[in-house]
Amino acid sequence: MITNMKSLINIAVVLVATVALVSCSEQGKPNFQYMPNMYEPVGYETYGEYEVFAGQMEAMLPAEGTIPRGWMPYDYEDTTEGLNLAKAELTNPLEVSLESLAEGKALYDIYCAVCHGTKGDGQGILMQREKILGIPSYADPGRNITEGGVYHVQMYGLNSMGSYASQTNELERWQITQHVMNLKAALKGEPLIAPKVATEETTEQELESMPEEGHGSTEH
Amino acid sequence: MDNNITDRMEKVSYRNLPSKLSLALLALVLTFSISNSAFASTTVLPTQAADTTAGEALFKANCAACHKLGKKATGPALRGVGDKYDREWLYSWIKNSTAMVKSGDAQAVAIYEEYNKSVMTSFPALTNADIDNIIAYTYTQPKTVVLPPTPPGTESSGGGVSNNIILGILSLVFLMLVVILYLVNNTLRNFAKSQGIEVEEKEARTPIWKLFIQNQFLVLVTSILLLLTAGYFGYGYLMQVGVDQGYAPVQPIHYSHRIHAGENQIDCNYCHSSARKSKHSGIPSLNVCMNCHKNIGEVAAETQLQGEQEFGVDYNAEIQKLYKAVGWDEENQAYTGVTEPVKWVRIHNLPDFAYFNHSQHVTVGGIECQKCHGPVEEMEIMSQHSPLTMGWCINCHRETNIKVEGNDYYTKIHDELAKKYGKDKLTAAEMGGLECGKCHY
Ligand code: HEC
Ligand code: HEC
Ligand code: HEC
Ligand code: HEC
Ligand code: HEC
Ligand code: HEC
Ligand code: HEC
């Protein structure tokens, strides 16, 4: 009888211990490591938290006055006049090619389609689920949408639409612009932009002269 | 606030009463016989009579980008705007506000100046009736969603917590059982003793364990078995040291991939925009969040309810944390300039001696994020899906074909390698994806 009692108590102890152990192995903390000094870097790591930085975060805004690589000045101001001016006179320097159209579509589907819809009719998923309202169609008669305007809006945003300058670079913004103009044409039933019959070389040069890297804005 | 609105509504009907007394009387009679909507479509009448449903659709399609009913957005709050101006003014303002400002209309210029000369879009296509409908819609009260009663047992605690509670209770019950058994046993014994009953002790047989020890073969086999299992589990334990699979730290803002990437189907690259072209995918800076959250200050009532019931999170409070961090003043729709960093806890992290590049896999290799990061679009809380061990990298390099199509740059190498291995499809390993130097600096 007494041995029985003991084994019972033993079992209880083991059970309680396992329960405790299992509930201890939380998901909230990283695992143990062998020789952490081989794993943990001496240098400051991306997204690390260190005392030396303001706010303790490695991720910070670029220093005042920084110019990202490949950045080109954009002279139109972030005002209504600036927008109207860009609409009137800014044009797409990018040669139309199958490649740029395809890139433009891919980028548009990433950045713009959630709101504007893949067709540009203003019926993106967020609009359909009524999370964000009042997205215009590119064919909206009250809006005069031109290449310059589309680029300007991506650069600075417009009212409740934000700026996309931190996510895309100059080349990518012009590629998106091409696709948007195509969507507008399709909505209005006008002819689409198609690649001109250009020699391979000119298109390649055109693309190379556009900065590949760097974001177009100092704002991040 | 709400009182205010009802006040205003009364005022409207008052003002309209004297002038349209006869019509209103007619309306009264009509309301008793005909349903409300029929009445609205047949008579041109005060604000409330217009078709609010049509108005709502128009408002959402045209105006909601800049106007909210009860709150300032890009433009002023529109609730009750019908009282602020007379109807003719509103017609011409909405159809072409720019022209009105240009013409020097005092009211128009005043509001234009107040809103920093932001231009309201012109809506030449709207008819007066459309505008009446929209104005009528602006008088509607915000919908209050009636929360269904919480089903018993699903309190606002997360699943993990309630599991723990159940476990705790079970072990408590178990402990109490043991104690009770012990006490009962004791009392019985005492009782037996006092009654003078001799408790029958079984005659001393050799206990099983002694027999077991005496049988040396059995002992040998069991100890080998024990050693093997111990070895197995020990090895397993040692091998998972330093592997953070399943690591899901608490983040400073409860940000849900389920809601963003899942329900609202936002592309991974929208936020992790550098995955396309650089080593790191990057955590989005807060200006990216604000592209949407300038508009979304509160989640929908159903979302909020689900958050509270299933995950125990107040989603609206989480969005407020975001606003605090970027310094967004919702009241005035402007940045205050007072910001604080959001200290996201990094989850996936290779040791410094290993090199991993996202663009190489995502853009060049064309691999889906989910292949390595798991079903992110279902994760309420982000967790590490893959072990990120060297074996994991190598296995995949052995199994996965490289994307040869549309890769002009390496065509020649690919052709040569294809010839060397004598097949069209090459795995990453065959291209050199197993060379130590490719991953170790
Ligand atoms: C968060 C939702 C959202 C996303 C994402 C978005 N937009 Fe917009 N966009 C809007 C809203 C809202 C407006 C209406 C702005 C206004 O007129 O006040 C708008 C307006 C526009 C206009 C019309 C501007 C004019 O001249 O009237 C263009 C062009 C445009 N967006 C292009 C884009 C492009 C290109 C992208 C992708 C890089 C994009 N948008 C992504 C919400 C969005
Ligand atoms: C592009 C953003 C935008 C859109 C879209 C828009 N508005 Fe406006 N609205 C404004 C702004 C900004 C003002 C403030 C005056 C100004 O700066 O021009 C305003 C002012 C007003 C006013 C005057 C409000 C007051 O309290 O003085 C009314 C009424 C109005 N809008 C109605 C509408 C209606 C109805 C629609 C939809 C058919 C609409 N607006 C669409 C931006 C917009
Ligand atoms: C709306 C913006 C947004 C979208 C869309 C988004 N993410 Fe994230 N992601 C974040 C933020 C913010 C974090 C940091 C907070 C966290 O870890 O939960 C993050 C964290 C992560 C992490 C963990 C990073 C680390 O610290 O190791 C991974 C992996 C990830 N996201 C993958 C994805 C994938 C895959 C998708 C597409 C299915 C996606 N994300 C879509 C914003 C986004
Ligand atoms: C493309 C639009 C978009 C972007 C970008 C975006 N959100 Fe959201 N966010 C939403 C939508 C839509 C909801 C859900 C609203 C609803 O269900 O009513 C939401 C809900 C939320 C919520 C409440 C639910 C939850 O996830 O806990 C938080 C917090 C949040 N977002 C934070 C962020 C942060 C932080 C970022 C930047 C990394 C961000 N959002 C970027 C669209 C966006
Ligand atoms: C081949 C596997 C693989 C694929 C595909 C992949 N990732 Fe990763 N991801 C990783 C690894 C490994 C790390 C850890 C990197 C490190 O510590 O240097 C990581 C880290 C991250 C991080 C943490 C921060 C950073 O930049 O290091 C984020 C965010 C992330 N991935 C998002 C994504 C998104 C979004 C995609 C799809 C566009 C994606 N990943 C595709 C393997 C992958
Ligand atoms: C889902 C499968 C998968 C996983 C997991 C994976 N890789 Fe890869 N990796 C690939 C493929 C496919 C390529 C070839 C891409 C191409 O060139 O088309 C590649 C290429 C590479 C290359 C370039 C090889 C060369 O020959 O230039 C490196 C370096 C690399 N991976 C590192 C890693 C590391 C480090 C990890 C683990 C943290 C990892 N990979 C995990 C699929 C994977
Ligand atoms: C596909 C990329 C890849 C290749 C190729 C590769 N390694 Fe690794 N290796 C890794 C990664 C990732 C880790 C980090 C694993 C971890 O953190 O658990 C690692 C870790 C290690 C470690 C540390 C032990 C550990 O598990 O933490 C050693 C030693 C090592 N590698 C040696 C080699 C040698 C030798 C070769 C050449 C035969 C090689 N590696 C090739 C990706 C690679």
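**Notebook: ligand shells and the A–B contact**

I started with ligand 1: by class, its shell holds 18 nonpolar, eight polar and one charged residues. For the classes I count Ala, Val, Leu, Ile, Met, Phe, Trp, Tyr, Cys and Pro as nonpolar, Asp, Glu, Lys and Arg as charged, and the others, Gly among them, as polar. This is a predicted model, where local features need pLDDT of at least 70 and side-chain atom pairs count only at pLDDT 80 or more, while totals for chains, interfaces and linings use all residues. Residues are numbered from 1 along each chain as its sequence is written, and chains are lettered from A and ligands numbered from 1 in the order in which they are written.

Ligand 1 sits between chains A and B. Of the 27 residues around ligand 1, I noted Cys112(A), Cys115(A), Asn159(A), Met161(A) and Ala65(B) as the nearest (near: C-beta atom, placed from the backbone, within 6 Å of the molecule). Helix 7 of chain A gives the most to this shell, four residues (helices: DSSP runs of H or I, at least four residues, numbered from the N terminus).

Last, the chain contact: it takes 62 residues from chain B and 46 residues from chain A (contact: C-beta atoms, placed from the backbone, within 7 Å). On the side of chain B that touches chain A, helix 10 of chain B has the largest share, nine residues.

How values were computed. Helix = DSSP H or I, 4+ residues; strand = E, 2+ residues; numbered from the N terminus. Contact = placed C-beta atoms within 7 Å.
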